[in-house]
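Dear colleague,

Please find below the structure that I am handing over to you, together with its sequence. My notes on what was found in it follow directly after.

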Amino acid sequence: MTEYQSEMLSWNYGDGYENVDMEKIIQVFQDFVDNITLKTSEEMTKSDVVFQQLLNKFQQVRENEDNLQDLIHGTIPLCNEFIDTIEKVNFTCMNDFQNCLKLFRHIESVFQIIISMEDEKFLIREIFFALLNLLSKPQICFHLNDDQHTTIPHKEVYKCVTNLLLSLACRKITLVSFISDDSTTRKYTDILNAMYKRVERNLQLSTHTRQPTVPDNQTTFVILSFFWNLSDRTVIVPWLLDIGLVKTMLECLQRIEISSETAKQIINIIHNISRHDEGADELNKFHGLVILKNIQSNNSQALDELNNLLISMAIALLSTPKQIHSDNKRMNRILNQLLQITMEAAETEDHRDSYAFHVSEPLAVFTKLFVDDRSLEYVLSHAETDPQLDVISTINLFIDLFMKFRGAFVEKKQLEQFTCTALLNILWSISFQDRYKTKLQQNKGFMKTITSLAMDNGEKIVEEYVSRSMESMIKAANGILYNLNEISDDQNADIADRQLISNASCEKPMIMISYAHSNNHFCDKILAELKEKGNLFGIWIDRNYCLSNEDLWEKIALGIKQSNLVLCLLSQEYFNSKSCRKEAIFAIKRKKSIIPVYIGEPGDCDWLVAEMHEYALKLRKDSKKEFIKYEQRYAKNHDGEELEEYIFNRFKNAILNLPNSPNQTMKTSICSSQISTPKSSTCTIS
């Protein structure tokens with residue numbers, strides 16, 4: 001949620017803060033000029049012509065006001081010239097101040113025209129980056145860094161122009177069409193550094209001097225508003241990382257009055273940053289989860305409902321499944337709130353709830369929390385809302401929302417496409433649960449739409465940030481169909497890709513490596529070790545056989561089928577990936593021998609333990625029956641070759657000896673010189 005969406009709530013800003021618009025920014029400078037008039041007007045005699053020349057240029061540009069593009073392309077260079085001119089003016093005559101005020105009025109009038117623009121997508125993007133370039137000028141950075149050599153009149157002029165530029169940037173950022181490449185630029189690091197450090201100095205001075213309001217509160221407010229709106233565009237959150245801002249925001253939040261407007265702004269910034277995976281990583285690097293929990297626990301009376309909710313959402317995004325389980329009471333409250341927001345937003349035309357949260361915001365949190373089956377089960381069956389929903393109503397809520405946003409892939413709308421992708425991932429998580437599959441299958445309209453979506457490769461996808469807990473739209477749609485048995489195992493074998501190796505024509509046994517791509521570096525090491533024994537077995541890994549996204553799952557499924565053994569490189573990233581979950585379940589259902597290898601400390605995963613132990617129960621109940629079924633499948637896949645019973649028994653014993661929980665898993669160091677015999681085929685590599 002951006003700052004300007006929150007204005008819909010008509011907040012009563014405390015501590016003397018108001019919503020700073022351009023008129024109020026100029027009024028501050030006007031007050032400064034009036035004060036100078038009272039004190040020193042008699043001493044000012046010599047006027048400078050530099051501002052007068054600029055005024056003439058602005059007036060010429062304004063004559064072409066009907067042509068919006070020419071007006072803007074004429075104004076931006078003049079703003080650049082104005083910033084370069086400030087140092088040349090001595091401010092020894094009142095006319096210099098009056099001319100400066102007139103220039104600010106010209107700039108404001110053009111900026112107000114820009115604020116009213118909504119449909120000029122490419123021009124808005126051009127304007128936004130032009131504003132950042134103006135803010136990045138050395139003079140602005142020196143001003144924000146509190147350059148001691150700048151005179152008071154010059155400081156006031158720089159402050160006014162800086163705040164005007166930031167105010168316009170805040171207003172237009174919600175309409176900027178960002179692309180993924182924008183996230184990698186570090187062109188604006190210096191100005192972003194200067195901005196947050198200016199806020200930090202102001203807040204430190206306020207704290208140390210016990211002032212009731214922040215010094216230069218207008219600049220502090222406008223900078224924090226800029227960070228608030230900038231961080232709401234998740235794709236460019238990386239701009240704000242690794243520059244010290246995250247650490248500073250957490251420190252400032254602990255020092256200031258939690259009920260102040262400054263605290264509200266910082267809480268929104270932290271929440272927005274937590275929505276990006278890398279942002280969440282950096283927040284946790286500086287103990288963000290602990291800090292936010294402490295703030296929430298220690299300020300239960302001072303925190304208003306909205307800020308308490310924002311902190312709760314950030315806590316959810318920063319938590320691992322293990323942390324979620326250990327804090328059930330708090331997390332259940334958060335899940336109740338998220339579902340309530342989703343319900344309310346689903347009923348409005350703009351899909352925003354009473355707090356102006358867009359429905360995509362709680363849905364994005366759900367996509368992360370639902371990698372944990374217990375969180376999913378709580379939301380579907382136990383969440384407390386008004387009105388109270390049952391399981392069918394909750395599932396239908398997600399289905400109905402998906403059907404509403406399905407059209408987002410016909411039109412190029414970033415927010416709508418992100419919302420639709422989040423909903424597909426939520427429905428994919430639901431489809432893993434056997435007890436809910438029928439409820440999805442019974443909705444014929446939903447099934448028809450999912451089938452159409454999975455088969456349509458011509459969708460117009462807009463580049464937008466998607467978190468690690470979310471898969472692409474097509475992958476999620478295919479995953480749902482597979483889980484609901486709409487894509488049969490036999491269909492996966494009908495592939496004409498001759499790059500795939502068939503066991504029937506390969507004398508060596510095949511090992512398939514299943515891993516999360518975020519563990520690529522570790523996988524490289526395992527692959528290198530296995531290749532040294534390449535004379536004993538072949539290796540199937542997606543990077544060798546899946547050179548394009550076309551028929552990706554079918555190729556992986558056939559790779560699992562052809563393998564004699566599946567090596568699962570388990571990590572928290574593996575457990576959190578629905579694609580990895582799909583691979584592991586497919587291998588288990590195909591009765592493949594599996595060697596789970598934990599990377600580092602065993603993560604927290606309920607679904608993998610459940611799947612393996614479900615098959616272990618079958619083996620304990622009737623191992624002979626399972627052997628016959630496995631023997632028949634083996635003969636079918638290996639041209640009638642007979643399966644030796646001792647081979648099956650090795651597989652059976654490995655499954656039966658699996659630990660009951662990750663904590664019982666034996667740890668083995670890859671670099672250890674002491675080698676011991678493992679109790680099962682599960683190991684941990686640190």
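What percentage of the 686 residues in the protein do buried residues make up? The figure is 56%, where buried means under 20% relative accessible area, exposed over 50% and partly exposed in between, computed with a 1.4 Å probe on protein chains only. Please note that this is a predicted model, in which local features need pLDDT of at least 70 and side-chain atom pairs count only at pLDDT 80 or more, while totals for chains, interfaces and linings use all residues. Residues are numbered from 1 along each chain as its sequence is written, and side-chain values use heavy atoms, with hydrogens and water left out.

Overall organisation

The protein has 33 helices and 5 strands; these are DSSP runs numbered from the N terminus, with helices being H or I of at least four residues and strands E of at least two. Of the contacts (heavy atoms within 4.5 Å) with a separation of 6 or more, 77% are accounted for by residues 24 or more positions apart.

Nonpolar cores

A nonpolar core is taken here as a set of buried Ala, Val, Leu, Ile, Met, Phe, Trp, Tyr and Cys residues joined through side-chain atoms within 4.5 Å. The largest such core holds 169 residues, of which Phe82, Leu192 and Phe226 touch the most other members. Leaving aside residues up to four places away in sequence, Leu192 touches Phe226, Phe227, Leu230, Trp239, Leu240 and Ile243.

A helix pair

Helix α24 (residues 473-483) and helix α30 (residues 578-589) have axes that come within 11 Å and cross at roughly 30°. Axes are lines fitted to C-alpha atoms, for helices over the stretch in contact, and angles run from 0 to 180 degrees between N-to-C directions. The two helices are therefore roughly parallel, given that angles under 35 degrees count as roughly parallel, over 145 as roughly antiparallel, 65 to 115 as roughly perpendicular and the rest as oblique. Where they meet, Lys475, Asn478, Gly479 and Tyr482 of α24 face contacts with Ser579, Lys582 and Phe586 of α30.

Cysteines

With a disulfide defined as a pair of cysteine sulfur atoms within 2.5 Å, the count comes to 0 disulfides. Cys160 is in none, and the nearest cysteine sulfur, that of Cys100, is 7.1 Å away. Cys160 counts as buried because its relative accessibility is 3%. Cys420 is likewise buried, at 0% relative accessibility, and lies in helix α21 (residues 414-431). The C-alpha atoms of Cys420 and Phe405 are separated by 5.5 Å, the two residues being 15 apart along the chain.

Backbone geometry

Most residues other than glycine have a negative phi, and most peptide bonds are trans.

- Asp386 and Pro387 are joined by a cis peptide bond, with omega about 0°; Pro387 lies in the loop between α19 (373-381) and α20 (391-405).
- Asp242 has a positive phi, near 60°, and is found in the loop between α10 (217-232) and α11 (245-255). Asp242 counts as exposed, at 66% relative accessibility.
- Ala356 also has a positive phi, near 75°, in the loop between α17 (328-346) and α18 (360-369). Ala356 counts as buried, at 1% relative accessibility.

With kind regards
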